[in-house]
Amino acid sequence: MNFREFKEKHSDSIALFKFGNVYECYESDAVVVSSVYHTELQHIEKNGQTLTMTNFVTKALELVLPKLIRAGHRVCIVDMPDPAFEKPFVKRNANLKYQ
């Protein structure tokens with residue numbers, strides 16, 4: 001699920017996408033998180049469009065989440081699967097020679 005699909009269904013919530021040990025948020029959610037937690041906004045190019053985002057390490061969630069809730073925001077945490085684990089293991093044939 002990507003950001004736009006999620007926001008269509010949950011437009012009233014701030015979406016925090018968890019990728020490994022980092023939470024990322026995009027567009028208007030990034031602006032809100034940046035203003036509440038004072039993270040840096042980044043502007044990245046993706047598919048010919050500029051995307052606003054911010055991120056923070058997972059350990060900071062215990063600081064960020066209460067600030068967002070106290071500011072009156074609903075928050076959804078979206079745990080994204082690690083793409084490295086989605087692919088099947090590659091079978092390799094190896095001929096090892098020992099000397």
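Across the protein chain of this predicted model, the pLDDT averages 83, and 81% of the residues score at least 70. The chain holds 4 helices and 5 strands, and, read from the N terminus on, these elements follow one another in the order α-β-β-α-β-β-α-β-α.

**Confidence along the chain**

- Among the elements of the protein chain, helix α3, which covers residues 61–70, has the highest mean pLDDT, at 95, whereas helix α4, which covers residues 83–86, has the lowest, at 56.
- Over residues 89–99 the pLDDT stays under 50, and for this stretch the model has 0 contacts beyond four places in sequence.
- Where pLDDT is low, the predicted coordinates should not be read in detail.

**Overall build**

- Of the 99 residues in the protein chain, buried residues make up 30%.
- When the contacts with a separation of 6 or more are considered, 52% of them in the protein chain are accounted for by residues 24 or more positions apart.
- The accessible surface of the protein chain comes to about 7700 Å², and carbon and sulfur atoms hold 52% of that surface.

**Salt bridges**

- A search of the whole structure finds 2 salt bridges, and they can be taken one after the other.
- One of them joins Asp29 and Lys7, whose closest N and O atoms are 3.1 Å apart; this pair links distant parts of the chain, with Asp29 in helix α2 (residues 27–37) and Lys7 in helix α1 (residues 3–9), 22 residues apart.

**Aromatic rings**

- The count of aromatic pairs in the structure comes to 6.
- Phe3, Phe6, Phe17 and Tyr26 are linked into a cluster by ring pairs.
- A pair of aromatic rings is described by the distance of the centres and the angle of the planes.

**Positive phi angles**

- Glu27, a residue other than glycine, has a positive phi, near 50°, and Glu27 lies in helix α2.
- The relative accessibility of Glu27 is 24%, so Glu27 counts as partly exposed, because buried would require a value under 20%.
- Asn47, also a residue other than glycine, has a positive phi, near 55°, and Asn47 lies in the loop between strand β3 (42–46) and strand β4 (49–57).
- The relative accessibility of Asn47 is 78%, so Asn47 counts as exposed, given that exposed means over 50%.

Definitions and conventions: Residues numbered from 1 in each chain as written. Predicted model: local features only at pLDDT ≥ 70, side-chain atom pairs only at ≥ 80, totals over all residues. Heavy atoms only, no water. Salt bridge = Lys/Arg side-chain N within 4 Å of Asp/Glu carboxyl O. Helix = DSSP H or I, 4+ residues; strand = E, 2+ residues; numbered from the N terminus. Phe/Tyr/Trp six-rings, centres within 6.5 Å; stacked < 30°, edge-to-face > 60°. Buried < 20%, exposed > 50% of the residue type's maximum accessible area, 1.4 Å probe, protein only. Contact = heavy atoms within 4.5 Å. Areas by Shrake-Rupley, 256 points an atom, 1.4 Å probe, with all protein chains shown as cover. pLDDT = per-residue confidence, 0-100.
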